Amino acid sequence: MRQSDSAGSGVRGTAVRASVLILLLVPLALSAQSRSSSSRFRQAVEYDGNLTFTRLIYGSGLSNFGFGGAAWSHDYPAADKNLSAIIDYITHIRVRLDGTNVLDLDDPEIFQNPVLYVWEPGYWTIQPSEAKRLREYLLKGGLIIFDDFEGPDHWNNMAAQMRQALPEYQFLPIDERHPIFHSFYDILALKVPHPSMDVVPGYFAMFENNDPSRRMIALANHNNDIAEYWEWSAEGLYNPDPTSDAYRLGVNYYVYALTH
């Protein structure tokens, strides 16, 4: 994915350094274990005003998923830490590198974090109190990102949960023309394939007042698993091009969230 000449000052040089950093990141082992209650796993670093990667934990889903963790824990903690390191290195955003957050929707600390990242929303369910809290969070300025889900059944479940919080809102398709793909890197084509499945990725978003010209409040990376590239970048499991492009998407998501 090439960058246009209009990309921000210093992007080309920092992109090269980022590629080196990706290769040097220390491999991080998966540590999330299967749990009967998501609340047992809650973790939060002390808030200090810096950006902290925050993943949403939920109690529903598979009790034994992937490498032994629940559905919400896919790619944990390597994806969270690796993207945090890249954002800290590439941008001027102050990022916490000594820990990440794992919070549920009933936790008031979600309001201290501008982005909630959700894995496997095909297995996600929310309670009425969580729907109320999510609505408040999104309309106050938060962004929720869904990743690592495929097919119509998983889409329909995610959309059903969102309707509990925002029944009057709908997901709209977006493409590389949307500002989120130009918030830091100038992404001219969306060329990050699903790392392990033969599906066609799609990008969908919710906007304030259902107006695509307004702030994005939810983003769905459907038929894709962008964070899988972040998780395994240190091991070189996937080719450098899609891995670098997946990081560019992640950086753009967070820069957009912090500037809109």
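The largest nonpolar core of this predicted model has 40 residues, a core being a set of buried Ala, Val, Leu, Ile, Met, Phe, Trp, Tyr and Cys residues joined through side-chain atoms within 4.5 Å. Buried means under 20% relative accessible area, exposed over 50% and partly exposed in between (1.4 Å probe, protein chains only). Among the residues with the most contacts inside this core are Tyr117, Ile174 and Trp230. Elements that each supply at least two of its residues include β3 (115-119), β5 (172-174) and α6 (240-259); helices (H or I, at least four residues) and strands (E, at least two) are DSSP runs, numbered from the N terminus. The largest share, nine residues, comes from α6. Apart from this core lies another, of 35 residues, among them Leu56 and Phe171.

The model also has 11 salt bridges, each a side-chain nitrogen of Lys or Arg within 4 Å of a carboxyl oxygen of Asp or Glu. In one of them, Glu109 pairs with Arg42, with the closest N and O atoms 3.2 Å apart. Glu109 sits in the loop between β2 (101-103) and β3, and Arg42 in the loop between α1 (11-24) and β1 (54-56), 67 residues apart. Glu109 counts as partly exposed because its relative accessibility is 25%. Salt bridges that share partners join Arg42, Asp107 and Glu109 into one network.

Arg215 and Glu208 also meet in a salt bridge (3.1 Å, N to O), and both are buried.

Residues are numbered from 1 along each chain as its sequence is written. Local features need pLDDT of at least 70, side-chain atom pairs count only at pLDDT 80 or more, totals for chains, interfaces and linings use all residues, and side-chain values use heavy atoms, with hydrogens and water left out.
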